[in-house]
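Take a walk through this model one step at a time. Keep the structure open as you read.

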Amino acid sequence: MNAQPDTVGDIRRPTSTHPLAGRTLTGADIVVQVLADEGLDVLFGYSGGAILPVYDAVFRFNAAHPRDDGSDPMPLIVPANEQGACFMAAGYARASGRVGVALVTSGPGATNAVTPVRDSMADSIPLVVISGQVPTGSIGTDAFQEAPISTIMGSCAKHVFLVTDAASLEATLRTAFHIARSGRPGPVVVDIPKDVQNAPLVFDGGRELPVRGYRSRLRAVEAATIADAECARFFAALGRASRPLIYAGGGVVSAGASEALHDFAHAFGIPVVTTLMGIGGFDTTDPLALDMLGMHGAAYANYAMDDCDFVLALGARFDDRVVGVPAKFAPKARTIAQIDIDPAEIGKVKGADWHHVGTLDVALSRLTAYGRQHGFGPDYSEWLDHVAALKTRHSMNFCRDSETIQPCAVIEAINRITDGRAIISTGVGQHQMWAAQYFDFREPRHWLTSGSMGTMGFGLPAAIGAQFARRDRVVIDIDGDASIRMNIGELETVTTYGLPVKVVVLNNSGDGMVRQWQKLFFKGRFSASDKSLHKKDFVRAAQADGFEWAQRLVDPAAIESTVADFLAFDGPAFLEVVIDPDAGVYPMVGPGATYAEMITGDWIASRSTPVASATEPTGMF
Amino acid sequence: MRHLISMLLQNEAGALARVAGLFASRGYNIESLTVAATLHEDASRLTLVVFGDDAVVEQIVKQSSKLVDVIEIAELTGREHVERELLVARIDGDVSAVDALLARFGARLLQRQGSHSVVEYTGRADEIDLILDAMHRVGELVDHARSGIAAIEQPLVAA
């Protein structure tokens with residue numbers, strides 16, 4: 001098929017009331033005007049030949065429309081590389097719920113964006129990445145800084161547009177934002193050849209592409225309601241259950257359904273476990289909260305899933321890190337009910353006995369209202385007593401009188417001082433799991449982590465983006481020594497823009513999670529995961545990047561005072577914590593194991609005799 | 001099991017690659033694929049045949065229906081439908097035997113030079129297999145090309 005943009009039947013609003021409607025603008029000016037119309041207050045990006053016209057248009061826009069205080073209305077934040085820019089945009093999107101935007105150049109600029117685009121796809125994060133492309137006539141000639149972005153990104157993004165017809169540029173851009181934020185959100189890439197950026201075009205102010213298949217499916221999902229008969233069937237099954245459990249995923253956060261979830265859970269007294277991505281979707285300090293389940297979930301969350309007889313999955317996708325062995329997940333559940341906005345998630349891993357495809361907050365509010373109207377008042381007190389006992393008996397814990405610093409003690413200290421109200425971003429690995437386990441999250445969009453892709457290096461740029469989205473919040477990057485290395489260039493970005501981001505590096509001299517697996521499954525052969533010979537001085541590195549407050553913490557007795565001092569600093573601050581290199585993440589459900597085989601470690605009570613762990617490498621990952 | 005999937009696809013850069021990629025990433029070979037214009041200049045009809053586990057193919061179809069470029073998608077396997085494939089072949093063999101074969105199958109002669117006959121035939125995929133077998137028996141099958149399946153759903157018509 002020829003690359004032919006979709007211009008037929010453009011939806012034109014009857015009369016665009018845009019003040020610039022009918023004006024002739026360049027493609028680049030149109031890009032910037034659409035970004036302004038979308039309400040963007042910050043952009044992230046790295047320049048280069050093929051995107052220069054857009055960069056120039058941003059400069060001119062900012063010069064022509066200064067804010068009252070003289071600052072730029074649409075500052076363009078420059079990272080160390082494009083992966084950083086796109087993770088900043090993703091951090092902005094995750095913390096705010098709005099679409100994050102990154103502007104990158106062609107070729108290497110755009111290929112550096114691949115990882116964050118895939119990461120955002122896997123975690124359903126709305127992003128628009130605008131990439132410059134070589135001029136239309138040069139596409140396919142192996143031109144300087146040319147890469148086949150529509151092909152590459154086509155496999156990783158929610159959608160990608162290659163704008164070969166300049167006349168469709170404005171409609172394409174507006175449609176990109178619509179696609180990124182609607183339905184199950186995701187990243188959209190718009191690849192714009194340089195000649196299209198320079199083309200003189202008539203600005204309309206409202207054009208969008210028809211994308212009729214997408215729009216009709218979206219309308220169906222958004223209009224979907226749960227019929228009375230389906231509500232009745234749902235409550236009949238729930239009425240037969242005596243041990244119901246809500247399994248809440250990232251969909252609760254992206255749908256803005258945490259209030260609806262709170263109301264539903266409390267209306268009928270049903271406890272809630274969350275996935276890694278669902279953290280913050282349900283207040284962890286709520287009495288019904290059973291916290292995170294899964295491979296490194298709380299023992300009580302996993303035991304509750306093992307014991308329950310009814311699972312209500314909300315915007316959760318039964319990921320392998322949660323489910324382990326699908327046939328043995330929730331083994332006593334007689335009913336699995338599932339609500340998701342994505343029809344492809346229904347029954348993908350576990351068959352659903354009852355399901356609804358639609359928007360989560362609407363669906364939950366409908367069920368709550370129906371249950372109340374029909375006097376649904378079950379008595380789950382025995383079950384609630386049971387899970388309360390699980391929570392007490394199998395509570396999270398670690399060695400509290402260690403001579404080396406235990407990472408969880410540091411996290412507990414930060415949590416205490418910030419009252420569990422900070423925005424937390426993480427890298428990937430042990431520190432990520434400790435943060436997920438030991439922080440409180442009272443609200444959604446305070447927990448920013450690369451869940452599905454597991455991208456090391458996510459934490460620092462995501463924190464930067466989040467700080468731009470939420471100037472009013474303390475933003476803390478909880479990182480590992482290996483993860484932060486991956487995007488350590490962004491330390492300088494923190495100080496360049498004077499962001500009060502707090503960076504914590506839990507340094508265990510290596511890839512701790514890899515070592516943990518090597519201990520368990522590879523007889524302790526630490527192939528390429530030990531970094532104790534590395535010479536990097538993180539504190540001096542941070543100082544070199546302009547951090548005035550940069551300290552190393554080694555004494556367990558100084559945790560509280562140092563952390564307090566660190567968090568109180570008014571500006572960028574960097575804290576390296578030298579932690580016990582042998583600290584492990586527990587509980588752990590090994591890959592391919594069931595919850596019954598969960599290893600709880602030395603400090604968390606297990607309810608079964610520990611099962612001998614596999615000592616041979618397995619095919620599971 | 002054999003799955004016959006029909007899609008209406010927006011003409012856009014990479015649309016076909018995205019659909020093919022969903023099947024390829026699960027390790028399924030696409031058995032046949034036809035793409036051609038429709039009356040709408042912004043859309044193409046795509047017909048795809050793939051062999052695979054029912055549940056997995058159903059999941060891929062669900063994933064395909066999420067692609068922004070996909071306007072409509074239907075699995076025709078379990079529905080009433082008509083499907084046809086075109087065969088163009090060159091046979092080197094006794095012309096009277098070839099003519100007899102053409103008559104028996106209802107195939108057409110397009111060109112003849114000496115003992116070389118170029119013929120065309122349309123039918124279901126299994127009928128194409130049959131005529132190819134028969135051609136082997138009447139002469140040497142020098143060259144041939146199959147178009148892949150084109151199919152439309154057969155609406156249920158009240159008698």
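Where is A:D419 found? A:D419 sits in the loop that runs between α17 (407-418) and β15 (423-426) of chain A. Bear in mind that this is a predicted model. Its backbone deserves a look. Most residues other than glycine have a negative phi. A:D419 is not a glycine, yet its phi is near 55°, a positive value.

Most peptide bonds are trans. The bond that joins A:Y586 and A:P587 is cis, with omega at about 0°. To find A:P587, go to the segment after β20 (573-578) of chain A.

Now step back to the domains of chain A. The domain assignment gives domain 1 (24-221), domain 2 (224-393) and domain 3 (407-578). Look at domain 2 and domain 3 of chain A. Their centres, taken over C-alpha atoms, are separated by 31 Å. Their contact takes 14 residues from domain 2 of chain A and 13 residues from domain 3 of chain A. What classes of residue does domain 2 of chain A have on the side that touches domain 3 of chain A? That side has 6 nonpolar, 7 polar and 1 charged residues.

Next comes a helix pair in chain A. Two packed helices are described by the angle between their axes and the distance between the axes. Here the pair is α1 (residues 27-37) and α2 (residues 52-64) of chain A. They pack at an angle of about 55°, and their axes are 8 Å apart. α1(A) and α2(A) are therefore oblique to each other. The crossing of α1(A) past α2(A) is right-handed. From α1(A), the residues that meet α2(A) are A:A28, A:D29, A:V31, A:V32 and A:A36. On the α2(A) side they meet A:P53, A:V54, A:D56, A:A57, A:V58 and A:F61. By class, this contact of α1(A) with α2(A) has 9 nonpolar, no polar and 2 charged residues.

Move to chain B. Chain B is divided into domain 1 (2-81) and domain 2 (83-150). The centres of these two domains of chain B, over C-alpha atoms, are 29 Å apart. Their contact takes 7 residues from domain 1 of chain B and 5 residues from domain 2 of chain B. Which strands supply at least two residues each of the domain 1 side? They are β2 (30-37) and β3 (43-51) of chain B. The largest share of that side, 3 residues, comes from β2(B). The residues on that side of domain 1 of chain B divide into 3 nonpolar, 4 polar and no charged.

In chain B, 4 strands form an open sheet in the order β2-β3-β1-β4, with antiparallel pairing. The edge strands are β2 and β4 of chain B, and each pairs on one side only. From one strand to the next, the twist averages 15°. Follow one pairing in detail. β1 (residues 2-10) of chain B pairs with β3(B) in the antiparallel sense over 9 bridges. B:L4 has B:V49 in β3(B) as its bridge partner. A helix, α1(B), packs on this sheet and touches β1, β2 and β3 of chain B. The direction of α1(B) makes about 155° with that of β1(B).

The axes of α3 (residues 95-105) and α4 (residues 125-138) of chain B come within 10 Å and cross at roughly 165°. That makes α3(B) roughly antiparallel to α4(B). α3(B) passes α4(B) in a right-handed crossing. B:A97, B:V98, B:L101 and B:F105 in α3(B) meet B:I131, B:A134, B:M135 and B:V138 in α4(B). The residues of this contact are 8 nonpolar, no polar and no charged.

Finally, bring the two chains together. Their contact takes 22 residues from chain B and 23 residues from chain A. On the chain B side, α1 (15-24), α2 (54-64) and β4 (70-75) are the elements that give two or more residues. The largest share of that side, 5 residues, comes from α1(B). α1(B) is also the helix that packs on the sheet. By class, the side of chain B that touches chain A divides into 8 nonpolar, 7 polar and 7 charged residues.

Methods
Residues numbered from 1 in each chain as written. Chains lettered and ligands numbered in written order. Predicted model: local features only at pLDDT ≥ 70, side-chain atom pairs only at ≥ 80, totals over all residues. Contact = placed C-beta atoms within 7 Å. Nonpolar A, V, L, I, M, F, W, Y, C, P; charged D, E, K, R; others polar. Axes fitted to C-alpha atoms, helices over the stretch in contact; angles between N-to-C directions. Parallel < 35°, antiparallel > 145°, perpendicular 65-115°, else oblique. Left-handed = near helix turned anticlockwise from the far one by under 90°. Domains from an automatic or database assignment. Pairing = 2+ DSSP bridges.
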